[in-house]
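Me: I want to learn to read the features of a model. Where do we start?

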Amino acid sequence: MTTSILQRIAAGDNAAVAEFLTHYGGVVWALARRACPNRADAEDAVQEIFLQVWRGAAQYDPAVSSEPTFIAMLARRKLIDRFRRGKNKLAAQSLEVEPPAPVLSDSDPVELGEEAARAREALEQLRPEEKQILILSIEQGLTHSQIAEKLQMALGTVKSHARRGLVRLRDHLGVPQGTYQMGGRS
Amino acid sequence: MNYQPENFQRDLPEDGSDFSDRLTVLLADRALGELTAEDAGELDALLKLPQSDDCEAFDRITAALELGLLVEPLEPLPDHLRQKVLAAAMREIAPANQPRVEAIPSQIPAATSRKSPPRSSGWFMRFAPTLAAAAILLIAFSLSFRPKVSPIAARQSLLDSAKDVVLLSWTATEDPAAHSASGDVAWSNSRQTGYMRFSGLRQNDPLLEQYQLWIFDPSQDARYPVDGGVFNIDRSTGEAIIPISASLHLTGPTLFAITIEKPGGVVVSDRKRLPLLAKVPSVSETKSKGQ
């Protein structure tokens with residue numbers, strides 16, 4: 001069995017850190033840029049996220065999830081924490097206008113993993129309102145209250161659609177209750 | 001909030017088709033960043049119950065979905081940020097071939113009580129034995145490759161052999177962390193190497209805050225001094241020697257400053273907490289002292 005980069009980091013292999021940043025640096029940067037109102041804030045967030053990743057590397061279990069999903073999970077938690085602490089505002093609330101991020105044409109495509117593709121496919125199976133609310137929440141970073149206002153919908157209805165949508169996603173992805181396993185553990 | 005079975009049904013959808021209990025509602029809300037402080041307390045309590053073995057399912061689903069919604073190609077991590085992250089990682093991961101902070105007690109230190117890390121969920125308890133085992137393995141691994149030259153010896157060697165080494169005493173400010181602090185900083189410009197020595201600097205909780213060194217250098221705008229590394233003071237007694245980890249080449253430092261920052265350090269410090277300073281005397285100051 002091939003040892004994952006995170007497992008090598010957990011074992012103290014410093015050389016794996018540079019490899020990790022090459023593979024996933026762009027992913028974490030993209031998630032932070034999406035959630036933070038400006039580049040400076042995103043840079044702070046990225047450093048916090050990676051600190052969390054180094055500290056949590058030993059918890060990674062390839063039988064439970066893919067590396068990209070695990071990293072995105074840690075990143076989301078840290079970004080949500082920052083938002084809660086009031087150190088950050090959602091990108092959608094920002095008034096700061098920045099030029100579009102440069103994209104290197106010769107950069108290697110990032111492997112986001114099969115789980116991401118499956119989750120994207122499963123999203124298409126949801127009811128339109130569930131799909132719309134989850135996209136507004138996860139992709140655009142809107143709070144449920146903001147979504148309710150935007151869609152002229154009762155807050156409770158938004159919450160119900162979001163929760164139902166997640167449960168349906170779980171079902172579509174074949175994750176039985178109590179034994180969640182996106183990574184294929186049987 | 002007291003946990004009562006009827007609360008499970010409180011926020012369930014009318015059809016009740018998929019939500020089986022309150023835990024599902026709270027876990028879904030957490031995954032979407034919608035958990036209130038009150039709900040978080042309730043979730044913590046529920047996660048301690050035996051049925052809470054599915055606590056990360058929605059977190060993973062939302063993470064995978066967010067990845068699936070990213071538009072490629074992605075902008076790579078900016079180079080300067082990559083270097084910062086890399087440097088922080090080298091300090092954090094207990095590298096096998098590089099010394100970290102070493103504390104030398106001047107006497108046997110009194111037992112100190114460290115704050116336990118905040119426990120956010122029952123998840124930690126489930127993985128505690130695994131984490132403890134991993135920590136033991138990491139420590140054993142680290143010890144087996146312990147460097148032959150300790151920071152004490154390396155500092156002394158620098159002082160003995162580098163002709164251009166400057167040795168500056170720390171000046172404590174009114175910051176409470178520096179109440180009983182003293183020590184010095186040794187720096188050799190030709191070797192781009194240096195060591196900080198501290199005695200009595202207050203122990204920090206790395207989960208809450210860390211010390212960070214800033215080096216003012218003529219090559220940099222004074223508003224943006226060079227990051228000299230993030231570090232911890234592990235013991236409230238004894239002496240700590242910490243290697244300087246300058247992120248850029250220095251041409252001739254003029255001031256060393258210690259700030260207290262959030263865990264992991266910052267890119268630009270607001271300098272609100274600045275417990276220690278060590279100023280390099282100017283040529284004129286040196287001459288006047290010699291007279």
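Reply: Start with burial. This model is predicted. Trp170(B) and Phe198(B) are both buried.

Me: How many aromatic pairs does the structure hold over all chains?

Reply: There are nine aromatic pairs over all chains. In one of them, the ring centres of Trp170(B) and Phe198(B) lie 5.4 Å apart and the planes meet at 15°, so this pair is stacked. Planes under 30 degrees apart count as stacked. The pair links distant parts of the chain, 28 residues apart. Trp170(B) sits in the loop between strands S2 and S3 of chain B, and Phe198(B) in strand S5 of chain B.

Me: Which residues do ring pairs link into a cluster?

Reply: Phe20(A), Tyr24(A), Phe50(A) and Trp54(A).

Me: How do I read a sheet?

Reply: Strands of a sheet pair through backbone hydrogen bonds, parallel or antiparallel. Here, five strands of chain B form an open sheet in the order S3-S10-S9-S6-S7, with antiparallel pairing. S3 and S7 of chain B stand at the edges with a single partner strand each, so one side of each has no neighbour in the sheet. Look inside the sheet too: four bridges join S9(B) to S10(B). Leu255(B) has Lys279(B) as its bridge partner in S10(B).

Me: And a helix?

Reply: An α-helix has 3.6 residues a turn, so residues three or four places apart point the same way. Take H4(A), residues 67-84: at 1.5 Å a residue, its 18 residues should span 26 Å, and its end C-alpha atoms are 26 Å apart, which agrees.

Me: Why is H4(A) described as largely enclosed by the rest of the structure?

Reply: Because 14 of the 18 residues of H4(A) are buried.

Terms used:
Residues are numbered from 1 along each chain as its sequence is written. Chains are lettered from A and ligands numbered from 1 in the order in which they are written. This is a predicted model: local features need pLDDT of at least 70, side-chain atom pairs count only at pLDDT 80 or more; totals for chains, interfaces and linings use all residues. Side-chain values use heavy atoms; hydrogens and water are left out. Helices (H or I, at least four residues) and strands (E, at least two) are DSSP runs, numbered from the N terminus. The expected span of a helix is 1.5 Å times one less than its number of residues. Buried means under 20% relative accessible area, exposed over 50%, partly exposed in between (1.4 Å probe, protein chains only). Two strands pair if DSSP finds at least two bridges between them. Rings of Phe, Tyr and Trp (its six-membered ring) pair if their centres lie within 6.5 Å; planes under 30 degrees apart count as stacked, over 60 as edge-to-face and the rest as tilted.
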